[in-house]
Structures are given as structure tokens and as C-alpha cells.
Amino acid sequence: MSPVGREWRREPLYHLDPELNGLLRSELIRQQETLELIASENFASRAVLEATGSVLTNKYAEGLPGARYYGGCDIVDQVEQLAIDRCKAVFGAEHVNVQPHSGSSANLAALFALLDPGDTLMGMELTHGGHLTHGLDINYSGRTYDVVRYHVHRVTETIDYDEVRELALTRRPKLIICGYSSYPRIVDWAAFRAIADECGALLLADIAHIAGLIAAGVHPNPVPYCDVVTSTTHKTLTGPRAGLIMCRQEHARAIDRAVFPGMQGGPLMHVIAAKAVCLKIAQSEEFHRLQRQIVVNCLALAETLAAGGVRLVSGGTDVHLALLDLRSTGLNGLQCQDLLESVGITANRNVVPFEAGKFNVASGLRVGSPAVTTRGFMEPEMRHTGELILRAIAARDDAVALAEIRREVLDLLDRFPLYEFL
């Protein structure tokens with residue numbers, strides 16, 4: 001008689017669970033055959049996929065390197081310390097915690113560490129580019145703290161630093177959040193630092209979207225200006241789906257205790273290993289070239305769309321994403337998102353500043369260049385992509401024309417194979 005469980009432990013997924021394996025294969029094909037413009041998505045490297053699927057998924061490691069609540073942590077201590085040291089090297093941070101499971105959990109842990117319930121928190125209005133965890137009413141952040149919201153300027157659609165200063169001096173928040181989820185321009189960290197100092201506030205930057213750009217020097221680094229910086233690792237940083245927190249040394253103990261035991265139990269050591277991989281990659285010149293191309297590519301896409309009559313919020317982009325105001329096209333955001341998906345292009349609907357529409361419909365579309373740049377697109381392909389989007393909008397009621405656009409999308413993607421080793 002063989003040991004209990006020996007057979008299923010050795011069976012490959014395709015044999016053990018063909019139903020699930022079929023879904024995974026379908027998703028692989030979807031990614032291979034889709035022109036991915038969702039600004040918060042990217043394609044992880046083979047090494048990141050391998051680390052995420054490694055035997056480290058078996059190890060429980062509550063605590064921190066050198067101070068665990070479980071035995072057998074000598075190796076995972078080295079793995080986590082490697083990720084910490086590489087993050088410090090990439091961003092110049094004094095202290096790093098690489099255990100947050102996501103960007104949202106990183107933000108909530110930071111708030112938990114720095115604020116008490118009822119304290120005043122200042123963040124950008126969600127409809128102007130902020131994030132759920134920056135004070136939305138139904139989110140933990142909005143339900144726990146007294147939230148003051150700032151906005152972009154009605155004319156320029158860029159951050160209204162005068163309003164930020166006025167609100168800060170009037171409401172005296174304990175913490176100001178900068179860094180956004182749908183803001184297409186460079187953020188002036190020094191201006192926020194000056195405002196925070198003037199009103200006596202702590203300053204937190206959420207760089208989930210632009211971490212890769214910052215790592216490559218394409219966007220200014222907030223670490224020298226901020227008390228705490230949070231990020232994801234799966235967007236421009238091209239790593240696993242997860243988060244991390246950087247902070248000044250004076251906040252290290254509070255941040256670490258907020259993550260564990262305050263917000264989480266055992267860290268995902270296989271994901272932390274994958275973070276170490278992406279942070280190694282982030283130090284390479286090839287990665288720096290990729291980030292520079294991401295910005296160039298997004299500008300090429302935005303300029304093509306603007307030339308075709310689509311209005312760009314703020315008039316353009318400095319980063320990896322552009323926000324389109326679709327109101328002149330006769331489509332709302334949801335309609336445009338569905339239309340583009342029908343021809344194999346994915347983007348996401350997004351509200352635009354000062355609109356009165358609902359979040360689940362929206363008047364805008366957020367497009368980004370990270371995933372297609374990682375795949376190999378350059379400026380000609382981005383301009384072609386912009387033209388395909390314009391043609392799809394114009395031909396939205398023409399099934400034959402839409403079918404031809406879908407064929408062109410597939411032909412374009414065939415030139416840039418994705419995960420051909422899978």
C-alpha cells in the first residue's frame with residue numbers, strides 16, 4: 001500500500017484538475033491574443049512566475065527576518081532580507097517592509113500605523129485621480145478617519161496645489177496622501193512636503209502606478225520627501241501582485257507592527273521571493289530602458305488619439321497612462337470599454353474630473369502602455385493602436401469593420417509573442 005496522498009501530490013495540474021487547467025489555458029490564450037492597455041496591468045517575467053509558484057508557498061513565517069514565531073525560517077529570512085535590501089537600493093529607503101499582500105493592504109497598514117480613528121486625513125478626490133484607500137466613504141479609510149478631499153484645477157486638470165495648501169492650513173490634517181491611480185502628470189513631491197511642513201502633517205506617497213518609472217529615474221522619487229511611501233509591485237515594476245511599504249526609520253516599528261500583527265498573519269514567502277526578483281530586475285539598464293519606452297509609448301498613443309479628436313484630460317500625459325474624455329465621441333466609458341474588448345483591446349472605464357456620471361458607467365477611459373511595452377511595442381505600434389481605437393469608435397455599428405479591426409489586432413500581436421515557453 002502506497003503512502004496516503006502520494007498519487008495526487010505528484011499529479012500535474014492538467015491531469016489532476018483538467019477543468020481548472022483548461023481555464024488557465026484559456027486565460028493564457030486571452031492574454032496572448034489581447035492588446036492590453038489597462039494601465040494597472042503588466043506581464044510578469046518568467047523568473048517572477050517561477051518564484052511565485054515555488055516551494056516557498058509551503059512556509060509559514062510570521063514575524064520578521066531573525067524574529068519569527070515559527071522554526072525552519074533560516075532560508076526564508078534570507079529571501080525576505082534580499083527583497084528588503086534590494087528595495088532599499090532601488091528607492092533609497094531607510095526602512096522597508098515587503099510583507100503587504102497588496103497595495104491596498106499596504107495603504108491601510110500605513111494609515112493604521114500613523115493615525116488614530118477620527119484623525120484628519122487628506123487625500124485626492126477619487127473622481128479626480130485618487131484611490132479607494134485614500135478616503136473613499138465606503139472604504140476602511142473613509143469610515144475610520146475624518147477625510148478632507150483635494151482636487152485638480154478645473155481649467156488645467158492638474159493638481160491644484162493652492163487648494164491643497166489652503167485646505168491643509170484650514171483643516172490641519174495629521175496626514176496628507178499624494179500619489180494616484182488615474183493622474184497622467186508628474187507629481188511635485190517637494191511642493192507637498194512644503195505644505196505638509198507648513199501645517200504640521202505627515203506625508204505619504206502612494207506610488208503603486210509609477211514605482212517602475214521612479215526606479216528608473218523617469219519620474220522624481222518621493223522617498224526623500226515623504227515619511228512613508230507605499231507601492232504595489234505588479235504594475236510598472238513588473239513583479240508579482242503584491243505590495244510593500246517604505247518609511248523613515250522613526251516610523252519603522254509602527255509600520256512593521258501595523259503589518260503584523262495589526263493587519264496580516266503569515267507573509268506570502270513565495271510572493272516575497274518574486275518581489276526580490278523584480279527588484280533585482282529593476283536595477284538593470286534593460287529595465288531602465290523599458291521604463292523610458294513606457295513613457296514614450298504612452299505619449300505616442302495619446303497624441304494619436306488626440307489627433308483623432310479624443311480629448312485628453314489635462315491635455316496630455318507625462319507618465320504611463322492617459323485619461324480620455326469620451327463625451328465628444330457619443331460613447332460613455334462602459335460602452336467604449338465593451339466596444340474595444342470586442343475587437344481584442346482591453347482598457348478600463350474611468351470617471352473624469354468634474355463629471356456627474358456614475359462610476360460604473362463613467363465618461364472616460366483610462367489607457368496605459370506598460371503591458372504592451374513589456375511585450376515589445378514601440379512608437380509605430382502605439383500609433384497603430386491609437387488608430388485602431390479611433391477606427392473602432394467610428395465603426396461601432398459596423399460588424400464587418402469591427403471584425404477586420406479584430407484581425408488587425410491579432411496580426412499585430414503575432415509579431416510580439418507572449419509566454420511562448422508556456
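Hi everyone, let me start with a definition: on a 1 Å grid over the protein atoms alone, a pocket is an open set of points where a 1.4 Å probe fits, with protein on both sides within 12 Å along at least five of seven lines, and its lining residues have an atom within 4 Å of a point. Grid points are joined across faces, edges and corners, and a volume is the space filled by probe spheres set on the points.

Now the ground rules. This is a predicted model, where local features need pLDDT of at least 70 and side-chain atom pairs count only at pLDDT 80 or more, while totals for chains, interfaces and linings use all residues. Residues are numbered from 1 along each chain as its sequence is written, and side-chain values use heavy atoms, with hydrogens and water left out.

So, the largest pocket: about 950 Å³ of space lies in it. Its lining counts 24 residues, and nearest the centre are Gln31, Ala44, Leu49, Tyr419 and Leu422. Helix α3 (18-32) and helix α4 (46-52) each supply at least two lining residues; helices here are DSSP runs of H or I, at least four residues, numbered from the N terminus. The biggest contribution is from α3, with seven residues.

Let's stay with Tyr419. Tyr419 forms an aromatic pair with Phe421, edge-to-face, at 5.8 Å centre to centre and 80° between the planes. For the cut-offs, rings of Phe, Tyr and Trp (its six-membered ring) pair if their centres lie within 6.5 Å, and planes under 30 degrees apart count as stacked, over 60 as edge-to-face and the rest as tilted. Tyr419 is buried at 10% relative accessibility, whereas Phe421 is partly exposed at 34%. Buried means under 20% relative accessible area, exposed over 50%, partly exposed in between (1.4 Å probe, protein chains only).

Elsewhere, the charged end of Arg154 sits over the ring of Phe354, at 4.0 Å from the centre. That label needs NZ of Lys or CZ of Arg within 6 Å of the ring centre and within 35 degrees of the ring normal.

How many aromatic pairs does the structure hold? There are ten. In one of them, Phe377 and Phe416 have ring centres 5.0 Å apart and planes at 55°, so this pair is tilted. Phe377 is buried at 0% relative accessibility, and Phe416 is buried at 12%.
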